[in-house]
Amino acid sequence: YFMNLEQLKILDKVELMEIIDQLITINSNNKILVTNILKKSKPNYQKALKTIEKEIKNHHGSYRKAYKIYNDFVLTNPDLKDTLKLTLEILPYFFEELEAYHDYPEDLTDMVIQMYETSCKYAVDMNDIKTVEMLYEMLKSYHFSEDLNESLMNVFYDCMPYDVISTFD
């Protein structure tokens, strides 16, 4: 069962502190996120991007390590704009990496779908129609299996409000 924002607003400070304490106990990234929110700070976008690019360009690098750096950034960053910007910056690399495989590694497929979903959701949340169009066109640039193409298109359409979808049909 999930609480909505209205339910959180009626909680007193003690109840909210208990929730925050539980979140921090469950996942250390939540502690970093709460700290960043309270200090009105965020992870360093440029540092994250450079570290990911270094991992990507290294011929001994790993998409798994690059994704971990990306995911840690996303989980600790309260700024949707920077998260979207980073996702859009590295998503083509992950698409190219996936396209290079004949049999898609399941973990890489999951990473690509998750990153694509994040970019679609954040583009919609920020009402960034130009990015939405770019994400739609991006799918046409890669040659994935029919199943993967369908999964990515489903993600796209699931994230989009009807008025946006109608412009693509």
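Predicted model: local features only at pLDDT ≥ 70, side-chain atom pairs only at ≥ 80, totals over all residues.

Modeller: Residues are numbered from 1 along each chain as its sequence is written, and side-chain values use heavy atoms, with hydrogens and water left out.

Biologist: How many helices and how many strands does the secondary structure of the protein chain contain?

Modeller: Helices (H or I, at least four residues) and strands (E, at least two) are taken as DSSP runs and numbered from the N terminus. Read from the N terminus, the elements run α-α-α-α-α-α-α-α-α-α. The count is therefore 10 helices and 0 strands.

Biologist: What share of the residues in the protein chain is buried?

Modeller: Buried means under 20% relative accessible area, exposed means over 50%, and partly exposed lies in between (1.4 Å probe, protein chains only). Among the 169 residues of the protein chain, the buried share is 36%.

Biologist: What part of the accessible surface belongs to carbon and sulfur atoms?

Modeller: Accessible areas come from the Shrake-Rupley method with a 1.4 Å probe, and for residues only the protein chains shown count as cover. For the protein chain the accessible surface is about 11,000 Å². The part that belongs to carbon and sulfur atoms is 54%.

Biologist: Of the contacts with a separation of 6 or more, what percentage joins residues 24 or more positions apart?

Modeller: A contact means heavy atoms within 4.5 Å. Among contacts in the protein chain with a separation of 6 or more, residues 24 or more positions apart account for 65%.

Biologist: Which residue forms a salt bridge with Asp107?

Modeller: Side chains of opposite charge can pair when their charged atoms come close. A salt bridge is a side-chain nitrogen of Lys or Arg within 4 Å of a carboxyl oxygen of Asp or Glu, and the whole structure holds 4 of them. One of these links distant parts of the chain, from Asp107 in helix H7 (residues 106-125) to a residue in helix H5, 43 residues apart. With an N to O distance of 2.6 Å, the partner of Asp107 is Arg64.

Biologist: How far apart are the closest N and O atoms in the salt bridge of Lys121?

Modeller: Lys121 and Glu117 both lie in helix H7, 4 residues apart, about one turn of the helix. Lys121 is partly exposed at 39% relative accessibility, and Glu117 is partly exposed at 29%. Their closest N and O atoms are separated by 3.3 Å.

Biologist: Is Lys140 buried or exposed?

Modeller: Lys140 forms a salt bridge with Glu137, with the closest N and O atoms 3.6 Å apart. Both residues lie in helix H8 (residues 129-140), 3 residues apart, about one turn of the helix. Glu137 is partly exposed at 42% relative accessibility. Lys140, at 53%, counts as exposed.

Biologist: Which residues gather in the patch of negative charge on the surface?

Modeller: Patches are made of residues with over 30% relative accessible area and no salt bridge, like charges being joined within 9 Å and nonpolar side chains (Val, Leu, Ile, Met, Phe, Trp, Tyr) within 5 Å. Lys and Arg count as positive and Asp and Glu as negative, whereas His and the chain ends are not counted; the place of a charge is NZ of Lys, CZ of Arg, CG of Asp or CD of Glu. One member, in the loop between helix H1 (5-9) and helix H2 (13-26), is Asp12, which is partly exposed with a relative accessible area of 42%. The patch consists of Asp12, Glu15, Glu18 and Asp21.

Biologist: Which residues does Tyr67 contact, leaving aside neighbours within four places in sequence?

Modeller: Tyr67 lies in helix H5 (residues 63-76) and is buried at 14% relative accessibility. Its C-alpha is 7.9 Å from that of Ile52, 15 residues apart in sequence. The contacts of Tyr67 are Phe94, Met111, Gln114 and Met115.

Biologist: What is the relative accessibility of Ala123?

Modeller: Ala123 is located in helix H7. Beyond residues up to four places away in sequence, Ala123 touches Leu84, Asp128, Thr131, Val132 and Leu135. Ala123 counts as buried, with a relative accessibility of 0%.

Biologist: What is the phi value of Asn127?

Modeller: Asn127 sits in the loop between H7 and H8 and is exposed, with a relative accessible area of 61%. Its phi is positive, in a residue other than glycine, and is near 55 degrees.
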